Amino acid sequence: MAFLTSLDIGGSALSAQRLRMDVIQQNISMQGTYNTSRGADPYCRQLTVFAEKKIFSDVLDKYVQMSNMDEPAQKYRKGTYYLSHPNKYKSAGVMAVEVIDDDAPFVPVYDPDNPLADDEGYIYQTNVSNTKEQIDLMAAQRSYEANISAVRAVQSMYSKAMSLTGK
């Protein structure tokens with residue numbers, strides 16, 4: 001059934017949000033740390049970057065292939081392609097593209113007696129803010145819960161469809 005591919009979409013979103021929550025938890029565990037050697041940077045806050053699974057070039061190639069067919073290209077306007085192809089959501093969903101470093105500056109702490117202090121007497125603390133991490137964690141949790149609800153709705157529809165067909 002075509003609507004079961006929406007389970008893939010919800011499942012990919014669940015996986016992506018889980019990775020996001022793992023990265024946030026790692027950030028929280030590293031907050032308050034300092035540089036571990038003289039001249040080195042402390043732990044840098046990590047951020048997760050998401051992207052759509054469907055690759056634009058693949059969709060564009062399919063439009064080009066269809067425009068080269070005998071039928072007029074005007075028939076294949078935006079949306080018509082998706083309506084006439086059963087595999088339209090085959091690769092749909094979300095994926096975590098990469099985990100990047102936050103570009104926020106490190107927090108300098110004046111401690112001239114510390115052996116790790118630089119020439120000016122500063123050691124540097126990580127750029128992780130507990131408030132930001134808690135807010136990001138709540139947003140990721142809400143998104144995760146919303147995707148669970150969507151997956152459960154699809155499962156319910158499938159169950160209802162099976163009971164109606166007698167299978």
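Which residue's side chain meets that of Asp 22 in a salt bridge? Arg 18 does, at 3.2 Å from N to O.

1. Basis. This is a predicted model, where local features need pLDDT of at least 70, side-chain atom pairs count only at pLDDT 80 or more, and totals for chains, interfaces and linings use all residues. Residues are numbered from 1 along each chain as its sequence is written, and side-chain values use heavy atoms, with hydrogens and water left out.

2. The pair in α1. A salt bridge here is a side-chain nitrogen of Lys or Arg within 4 Å of a carboxyl oxygen of Asp or Glu. Side chains of opposite charge can pair when their charged atoms come close. Asp 22 and Arg 18 sit four residues apart in helix α1, so about one helical turn separates them. (Helices are DSSP runs of H or I with at least four residues; strands are runs of E with at least two; both are numbered from the N terminus.) Asp 22 is partly exposed at 32% relative accessible area. Arg 18 is partly exposed too, at 48%. (Buried means under 20%, exposed over 50%, partly exposed in between, with a 1.4 Å probe and protein chains only.)

3. Arg 45 and its partners. The structure holds four salt bridges. One joins Asp 102 to Arg 45, with the closest N and O atoms 3.1 Å apart. Asp 102 lies in the loop between β2 (94-101) and β3 (107-110), and Arg 45 in the loop between α1 and β1 (46-52), so the pair ties together parts 57 residues apart in sequence. Asp 102 is buried at 12%. Arg 45 is buried at 6%. The side chain of Arg 45 also meets that of Asp 136, at 2.6 Å from N to O. Asp 136 belongs to helix α4, so this pair links parts 91 residues apart in sequence. Shared partners join Arg 45, Asp 102, Glu 133 and Asp 136 into one network of salt bridges.

4. Helix packing. Helix α1 (residues 5-30) packs with helix α4 (residues 130-165) at an angle of about 160 degrees, their axes 9 Å apart. (Axes are lines fitted to C-alpha atoms, for helices over the stretch in contact; angles run from 0 to 180 degrees between N-to-C directions.) So α1 is roughly antiparallel to α4, a term for angles over 145 degrees.

5. A residue to look at. Ser 12 lies in helix α1. Ser 12 is buried, at 9% relative accessible area. Leaving out residues up to four places away in sequence, Ser 12 touches Lys 53, Gly 93 and Val 94. (Contact means heavy atoms within 4.5 Å.)

Technical notes:
Parallel < 35°, antiparallel > 145°, perpendicular 65-115°, else oblique.
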